[in-house]
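Here's a quick briefing to read with the structure open beside you.

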Amino acid sequence: MKRIESIQQVRQSVSKSWDMIIIGGGATGLGVAMDAAKRGFKTVLLEQADFAKGTSSRSTKLVHGGVRYLAQGDVALVREALYERGLLLANAPHLAHNQQFVIPQYRWWDGPFYTIGLKIYDLLSGKLSLGKSMHIGKQEVLRRLPNIREKGLKGGIVYHDGQFDDARLAVNIAQTAAENGAVLLNYCKVKALQKTGGKVSGVIAEDLETGEQYQLQGKTVINATGVFVDEVLQMDNPSAPNMVRPSQGVHLVLDASFLNSSSAVMIPKTSDGRVLFAVPWHNKVLLGTTDTPLDQHSLEPVALEEEINFILNTAGAYLTRAPQRKDVLSVFAGLRPLAAPQKNTGSTKEISRSHKILVADSGLITITGGKWTTFRKMAEDVVDMAIKKGGLLPVNCTTRTLRIHGYQQKPAPAPFDVYGSDAAEIESYIVRNPAMGAKLHPALPYVKAQVIWAVQNEMAVTVEDVLARRLRALFLDAAAAIEMAPAVAALMATVNGKDAAWQQQQVEAFTKMAGHYLLNNENKRRQMPLSA
């Protein structure tokens, strides 16, 4: 997957017509590109930033049916998500795996309530179940969760869900789409829609790296831009109502010692009725999330103080070692593109987590809502609609059993485990170039060869692309990521033939952006001179 090859293919297609033009390179858009290409349709995807730059790299890293949605009575959504969870774990075992969860029980009546609920959860997963839920006693809870608060503990409930690396999966889905003939281009912003006879017939896009513009013709145009869907809808119809209400979810990352367990914790009802998770992830602990309605959206949302305090206070009430601000290695915020309610009540509980497909009078196809777990089903529904509305020859979906790029049952040692079958090539490269096996930072496992791989094979354009999404450094330890930036910029410059000015600009831009991921005052002082 090389950007220069995508640019050449886009240039050559200007006088031709695509079957599907997809706007947006998050989970949904990438899933649509993969599905469409696999069915044999001529497909191009355009993303204004990097793949999974927004919501799709900022999840709780869970592939789940949604215990919370079951409690709300949304059985259909839970059943669909559990089925898709099973497919994803089967199709991308190098990135998605079975994760055990424990719900600590501090009131005796919680035991029967959650045990019965999770038995229903098990039944809905059918043959794709990851393991049976069960009630366990107090001592067994303490054995599995040695750092959980013992006072008042009655017992607990064990259940199973999926866990994954979201941004890495996005990259692998993009690669799968490309291998099946799709053309994908990041840093290419759609500036306008083209129309013929009142119908959308293409797009005008600009390569943000070069300023070059492209006029592309398409039988269908698909708006899969997440929290930005309204902007594309209003390109089509300036008076179109907003379809999305963004909801912010914040996560804090701590050292693994705070949980000291391979099991995850699920707190089913916090002080304000939300669910809170403490999940082991890449040898750290991920705490989250919040659900804060917002009126505005951006590519780099920032955690609110009240969200940070809520997570710290709630975690502190359940862990024997209460986390403090100084313990937070990284804080990140993501925006869920929730389908807007009819009435603005200010509550995200009334906003649907299921996906919706809208077809405008112009023929523009828009998908809203949804979640990572159901990305494949969302893509299937969108492509089916595009076939119908674009007058394309019907072809059945085959992604239920499609192995995602990198598919490999037995993982390589960390940090190459997330590459699946690509790990052998990276390891071979290091054998030929031993210096490339050197670590980029003592606090994280990443090595120089991974930077080269990201640029040459995964369409990484900026230092941020590498440190935030090809490697997960920014999300695991923001201070370490900032310190890695100069070395990463130098390696990228070597591959791409960039000069010292480019390196300096990249380091300064990354450092300024990464400052929002820091809570530790000492670390903030460390990065301030570069961001000034």
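Asp166 sits in helix H7, which covers residues 166-179. Keep in mind that this is a predicted model.

**Asp166 and its surroundings**
- With a relative accessible area of 0%, Asp166 falls under the 20% cut-off, so it counts as buried.
- Setting aside residues up to four places away in sequence, Asp166 touches Ser56, Ser57, Arg58, Ser59 and Lys61, along with Trp372 and Arg472.
- Gly202 lies 36 residues from Asp166 along the chain, and 30 Å separates their C-alpha atoms.

**Helix H13, inside and out**
- How many of the eight residues of H13 are buried? Eight of the eight are, so the rest of the structure largely encloses this helix.
- By name, the buried residues of H13 are Val463, Glu464, Asp465, Val466, Leu467, Ala468, Arg469 and Arg470.
- The cover over these buried H13 residues includes H7, the helix that holds Asp166.
- Also part of that cover are helix H12 (448-457), helix H14 (473-476), helix H15 (478-496) and H16.

**How H13 packs on H16**
- H13 (residues 463-470) and H16 (residues 500-514) pack with their axes 9 Å apart, at an angle of about 40°.
- On the H13 side the contact is made by Val463, Glu464 and Leu467, which meet Gln506, Phe510 and Met513 in H16.
- Sorted by type, the residues of this H13 contact with H16 come out as four nonpolar, one polar and one charged.

**Helix H10**
- H10 spans residues 375-390, which makes 16 residues.
- From first C-alpha to last, H10 reaches 22 Å, close to the 22 Å expected at 1.5 Å a residue.
- Which residues of H10 are buried? They are Phe375, Arg376, Met378, Ala379, Glu380, Val382, Val383, Ala386, Ile387 and Gly390.
- Just after H10 comes Gly391, with a positive phi of about 65°.

**Cysteines**
- Looking for cysteine sulfur pairs within 2.5 Å gives a count of zero disulfides.
- Cys188 has a relative accessible area of 1%, so it is buried under the 20% cut-off.
- Cys397, at 14%, is also under 20% and therefore counts as buried.

Technical notes: Residues are numbered from 1 along each chain as its sequence is written. This is a predicted model: local features need pLDDT of at least 70, side-chain atom pairs count only at pLDDT 80 or more; totals for chains, interfaces and linings use all residues. Side-chain values use heavy atoms; hydrogens and water are left out. Buried means under 20% relative accessible area, exposed over 50%, partly exposed in between (1.4 Å probe, protein chains only). Helices (H or I, at least four residues) and strands (E, at least two) are DSSP runs, numbered from the N terminus. The expected span of a helix is 1.5 Å times one less than its number of residues. Axes are lines fitted to C-alpha atoms, for helices over the stretch in contact, and angles run from 0 to 180 degrees between N-to-C directions. Contact means heavy atoms within 4.5 Å. Ala, Val, Leu, Ile, Met, Phe, Trp, Tyr, Cys and Pro count as nonpolar, Asp, Glu, Lys and Arg as charged, and the others, Gly among them, as polar.
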